[in-house]
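Subject: A structure for you to look at

Hi,

Here is the structure I promised to pass on. Please open it next to this email and follow along as you read.

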Amino acid sequence: MSTQAAHSPGVTTAIGRTALLTAAARAIETHRPDALARDPYAEHFVQAEPGCADWPAHPARVDPDDPLWGRLAGYFALRTRILDEHLLAAPRSGIRQVVLLGAGLDSRAHRLEWPAGTTVWELDRPEVLAFKQRVLDGLGAEPAARRRTVATDLREDWPAALSAAGHDRAQPTAWLAEGLLLYLPGAAEQRLIAAVDTLSAPGSTLAYEVKLAIESTAVRSGTTYRAARERIGIDLLTLFAPGPRPDTATDLEQRRWHVTVTTPFDHLPDHPRAPRPVHDDPLAANRWTFATKRPSR
């Protein structure tokens with residue numbers, strides 16, 4: 001089956017297109033000789049969506065100074081690398097359960113090297129998972145771990161759906177919410193974190209991305225957001241949840257998680273190709289948070 005035939009209307013929605021934007025960034029990065037991360041499936045996801053036919057999927061087509069396909073795509077590449085490292089550290093501590101919340105077009109179940117006995121659950125809306133599955137089936141792709149897809153809305157009772165799919169809350173879990181909490185209302189974020197805590201045995205890990213605050217007018221009117229809106233029809237500013245954001249890091253600490261918060265720029269010493277800070281920077285408010293659940297008293 002050709003991946004061009006895998007078109008699903010659900011992936012053309014605004015949120016679905018952000019998953020395709022991330023996939024395009026990973027595709028570009030995959031072709032670099034010094035790639036921060038490689039995703040051999042990403043280009044196929046982009047090619048399978050007719051509305052993305054003119055998006056670049058190779059660095060030869062990208063100006064490094066382009067605010068969209070250079071800087072923002074570079075940010076997604078670094079985020080992919082850092083979160084890959086986070087997830088692959090979990091099996092070394094004995095974790096064999098991995099849950100991708102808002103999985104989108106994430107292919108980590110297929111492209112990362114998982115130890116025997118690892119199960120990866122992918123949670124997202126049914127139309128996104130169906131699109132991804134059709135592309136993967138067309139490629140004859142086989143996962144490197146036991147893969148379980150859970151079609152659910154993360155604003156609803158997703159813990160029940162995850163439990164029904166075989167997740168064991170008595171065993172530690174590595175959780176990932178990549179590019180998810182930005183789009184959830186504050187109350188929904190708090191409910192999701194409370195559910196993660198309830199479903200996590202001691203030793204569980206969690207990584208997620210947030211923006212600390214609503215950005216200034218200068219940042220919001222800058223070239224990055226404008227390029228996404230005008231060139232590929234993704235108005236990120238209207239997708240980001242409005243209103244004040246909860247202090248999820250402090251909430252986790254109060255729930256007996258050890259928490260570390262980093263900025264994208266903290267990783268520059270180890271990854272010199274990572275984006276550097278600029279004036280009126282849309283990346284400046286982004287934070288990557290990593291947490292490990294402590295044993296109960």
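A few ground rules come before the details. This is a predicted model, in which local features need pLDDT of at least 70 and side-chain atom pairs count only at pLDDT 80 or more, while totals for chains, interfaces and linings use all residues. Residues are numbered from 1 along each chain as its sequence is written, and side-chain values use heavy atoms, with hydrogens and water left out.

**The sheet**

The model has an open sheet of 7 strands in the order 3-2-1-4-5-7-6, with mixed pairing. Strands (E, at least two residues) and helices (H or I, at least four) are DSSP runs numbered from the N terminus, and two strands pair if DSSP finds at least two bridges between them. At the edges are strand 3 (146–151) and strand 6 (257–262), each of which pairs on one side only. On average, neighbouring strands of this sheet are turned by 15 degrees against each other, direction ignored; axes here are lines fitted to C-alpha atoms, for helices over the stretch in contact, and angles run from 0 to 180 degrees between N-to-C directions.

Strand 6 and strand 7 (residues 286–293) run antiparallel and are joined by 6 bridges. Within that pairing, Thr-260 has Phe-290 in strand 7 as its bridge partner. Strand 2 (residues 119–124) pairs with strand 3 in the parallel sense over 6 bridges, and Glu-122 stands opposite Thr-149 in strand 3. To get from strand 2 to strand 3, the chain passes through helix 5 (residues 126–139) in a right-handed β-α-β crossover. Right-handed means that, with the strands pointing away from the viewer, the path from the first strand over the helix to the second runs clockwise.

**Strand 4 and its neighbours**

What covers its faces? Ala-174 and Leu-176 on one side, and Trp-175 and Ala-177 on the other, are all buried (under 20% relative accessible area; exposed is over 50% and partly exposed in between, with a 1.4 Å probe and protein chains only). Strand 4 pairs in the parallel sense with strand 1 (residues 97–101) over 3 bridges and with strand 5 (residues 205–211) over 4 bridges. Leu-176 is the bridge partner of Leu-100 and also stands opposite Ala-207 in strand 5. From strand 4 the chain crosses through helix 7 (residues 186–198) to strand 5, again in a right-handed β-α-β crossover.

**Aromatic rings**

There are 6 aromatic pairs in the structure. Rings of Phe, Tyr and Trp (its six-membered ring) pair if their centres lie within 6.5 Å; planes under 30 degrees apart count as stacked, over 60 as edge-to-face and the rest as tilted. One of the pairs is Trp-158 with Trp-175, edge-to-face at 6.1 Å centre to centre and 70 degrees between the planes. Trp-158 lies in helix 6 (residues 158–164) and Trp-175 in strand 4 (residues 174–177), so the pair ties together parts that are 17 residues apart in sequence. Both Trp-158 and Trp-175 are buried. Elsewhere, Tyr-75, Phe-76 and Trp-288 form one aromatic cluster.

Enjoy exploring!
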